[in-house]
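Subject: Structure handover

Hi,

Here is the structure for you to look over. My notes on its cavities and helix contacts follow.

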Amino acid sequence: MAFVANAVSLVTYVMGYMNFGLTKSANTVTSFMGTSFGLALLGGVIADTCFTKFTTCVLFGFLEVLGYALLTVQAHLDQLRPTPCTDISKPCEAANSGQEAILYTGLYLVALGTSGVKAALPLLGADQFDGKDPKEALQLSSYFNWYTFSQTCGSITGVTFLVWISSNIGWDWAFGVCTVAVLLAIVLVSIGKPFYRNNAPNGSPIIRILQVLVASIHKRSLPIPGKEDELYEINGKGTVVMPEVLQRTNQFRFLDRAAVHVTSRGGMNPGPWRLSTVTQVEETKILLRMLPIVLSTVFINTCLAQLQTFSIQQSLTLDTRIFGFKIPATSIPVIPLTFNLIFIPIYDRILLPIARRMTGVPTGIRHLQRIGVGLVLSTISMAISAVIETRRKSVAFKHNMVDSTDPLPMSVFWLGFQHAVFGLSDMFTLVGLLHFYHAESSAGMKGTSTALLWFSLAVGYLTSSVVVEVVNKASGGWLASNNLNRDNLNYFYWLLSALSTLNFLIYLVCASWYKYKNVEEMKQEENSLHGNADKVSEAA
């Protein structure tokens, strides 16, 4: 609720309250959004390395509260902001360095806090289900749907209720509501602490991956072992019990050298930077296999950023009245969110059980198939956007309103078609990626791998402005005018649709090449003499 509300309307605050120019305001919001998603990698690594996911949620949640509290104080006290601009014909008083420092400190505390929560919270819920139990595996699949449903409810509240507060009551009240809401969320998640299954952190996955890379480079002259029993696995030695043991795969075989046991000259066993287990090697391989999937889902987030930006500009030229009420342009995202709110329960309660019966898969369809459906819908959404924009321009020319600032005789809810399809696309892709990263990552790096979803969003948002600049230069100015009626936004949407098609074909290649992980579950049994662990193998 808090994050999405500020994402869609923060630009009005930094322009109206902090007297930032248009370019500086846009860059401030873009940097804030990109940092919020990009820092999720940090939160994921911390959740894997230092703290439980519950502790990570609470710790980063309090950082978010501090950020909103600081923004609340600044919005409330006039001396912490520049004098409001009342005469647009005169230069506005610029915010001084101290005022900007308070703003940026508050914003980036929020960015840091929300990034950690984004990385750890979905996994905290997922940890409550045992994926090896058939009943709980079905519940885990539904959990990701309802997690997305909850996010959608919060987002709708943010772009309606909170946007209304900021527009009609004041930004100090809006930031104050955000502060109280996030604090209440921390209290609510803390109530469940006695009942949570908390998986202890398993050390830094980054360190383990670096150890594999260093060990494989150090032993690069050795032949690649042909047999699996030639490779080192500590569970096979009866030394340490791991949550899971990953079986050897044939991809990236050059990394297998890291698990070749070579006794040092002094007869000492090599250290962790010279010898890795098969599980560590396979952890590294999993991450490498995931990278093409991550990169092939960046472009859908670039399209999302473009749709959010240009849809608001389109809505400013259209009739935004419905049932006598005028809808603010910043509340336009409520259209796709409402479609998701309706479709997620239909998918989970009707379509998913049917798909399960047809395929026998707990998730209905495979994770990569679900992501693929989302990418196809994204392509269709961009094509619909091009058609709607062509119609909008034709209305402007037909009524001789090309250079008019008055609303066109066309309802803003025509934009609902493109938003509805893209909303479904986002639902399929987001839930599919969440479940994919959680299911395919090893037990010791679920936070890090799941944070790749938010990293993909960050890259998509940060590259969106680059895409516009490149297209403008290459096309001779499709989007160079300040008048949307004279621009060629429809051509730009057609280009995005064509690039989305190409991106989907690349994704098909990556998904076909991907090999799902294979796990041996390790179960510790009591042994009064040695306390050894016996191995129980189960296909995952």
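The second largest cavity holds about 40 Å³ of space. A cavity is a set of points on a 1 Å grid over the protein atoms alone where a 1.4 Å probe fits but cannot get out; lining residues have an atom within 4 Å of a point. Volume is the space filled by probe spheres set on the points, joined across faces, edges and corners.

This is a predicted model: local features need pLDDT of at least 70, side-chain atom pairs pLDDT 80 or more, while totals for chains, interfaces and linings use all residues. Numbering runs from 1 along each chain as its sequence is written, and side-chain values use heavy atoms, without hydrogens and water.

The lining of the second largest cavity is A5, N6, S9, L162, V163, S166, W171, A174 and C178. Helices here are DSSP runs (H or I, at least four residues), numbered from the N terminus.

Two of those helices, α6 (residues 134-168) and α7 (residues 171-191), have axes that come within 6 Å and cross at roughly 145°. Axes are lines fitted to C-alpha atoms over the stretch in contact; angles run from 0 to 180 degrees between N-to-C directions. In α6, F161, L162, I165 and S166 meet W171, W173, A174, V177 and C178 of α7 (contact: heavy atoms within 4.5 Å).

The largest cavity has about 60 Å³ of space. Helix α13 (416-440) gives the most to its lining, with 3 residues.

Best wishes

Terms used
Helix = DSSP H or I, 4+ residues; strand = E, 2+ residues; numbered from the N terminus. 1 Å grid on protein atoms, 1.4 Å probe; cavity = no way out; pocket = protein on both sides within 12 Å on 5 of 7 lines; lining within 4 Å.
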